[in-house]
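Let's take a friendly walk through a protein model together. Have a look at the picture and keep it beside you as you read.

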Amino acid sequence: GFCDMAKLAFRNILALLALILAISTTADAFSPAPRSFLTSRKASIDSSQASLSAKKPKEDLSYIESRDMTRQEMLEYNKQSEEIMNSELNLMTGFSLLISAPILYLCWVAFFSE
């Protein structure tokens, strides 16, 4: 019956997980790095420090004009930002409900079907 199928499915999933764990080669993620890797990394750090210590010519930014925003400009900018945030919030809520609909349907069927 259903119980035997569930046991079989569970056993198959366990076997698949065991196979994936056996095949995966990321088990050495926390082992110390080989010595050659450490020395090449140190050499690249030394060369990057040497390039950073070289004097760069100062970039001319005088063409950029900057000023404070007026109160009216700030209010307009805040209004525009608020409209954008509200539209993003509405889109995120709609997307969330769209994604949740199938899950809610499955829960409904699971609890209220005979």
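How much accessible surface does the protein chain have, and what share of it belongs to carbon and sulfur atoms? The accessible surface comes to about 11,600 Å², with 66% belonging to carbon and sulfur atoms; such areas come from the Shrake-Rupley method with a 1.4 Å probe, and for residues only the protein chains shown count as cover.

Before going further, note that this is a predicted model, in which local features need pLDDT of at least 70 and side-chain atom pairs count only at pLDDT 80 or more, while totals for chains, interfaces and linings use all residues. Residues are numbered from 1 along each chain as its sequence is written, and side-chain values use heavy atoms, leaving out hydrogens and water.

The protein chain has three helices and zero strands, in the order α-α-α from the N terminus. Helices (H or I, at least four residues) and strands (E, at least two) are DSSP runs, numbered from the N terminus. How confident is the predictor? On pLDDT, its confidence in each residue from 0 to 100, the protein chain has a mean of 81, and 72% of its residues reach 70 or more.

Of the 114 residues, 0% count as buried. Buried means under 20% relative accessible area, exposed over 50%, and partly exposed in between (1.4 Å probe, protein chains only).

Now find helix α1 (residues 2–23), which contains Ile 13. Ile 13 is exposed at 52% relative accessible area, and together with Phe 10, Leu 14, Leu 16, Leu 17, Leu 19, Ile 20 and Ile 23 it makes a nonpolar surface patch of about 820 Å². Patches take residues with over 30% relative accessible area and no salt bridge, joining like charges within 9 Å and nonpolar side chains (Val, Leu, Ile, Met, Phe, Trp, Tyr) within 5 Å.

Side chains of opposite charge can pair when their charged atoms come close. The structure holds one salt bridge (a side-chain nitrogen of Lys or Arg within 4 Å of a carboxyl oxygen of Asp or Glu). Its partners are Arg 67 and Glu 73, whose closest N and O atoms are 2.8 Å apart. Arg 67 is exposed at 59%, whereas Glu 73 is partly exposed at 28%.

Finally, there is one aromatic pair: Trp 108 and Phe 112 are tilted, at 4.5 Å centre to centre and 45 degrees between the planes. Rings of Phe, Tyr and Trp (its six-membered ring) pair if their centres lie within 6.5 Å; planes under 30 degrees apart are stacked, over 60 edge-to-face and the rest tilted. Trp 108 and Phe 112 are separated by about one helical turn because they sit four residues apart in helix α3 (residues 71–112).

Key
pLDDT is the predictor's confidence in each residue, from 0 to 100.
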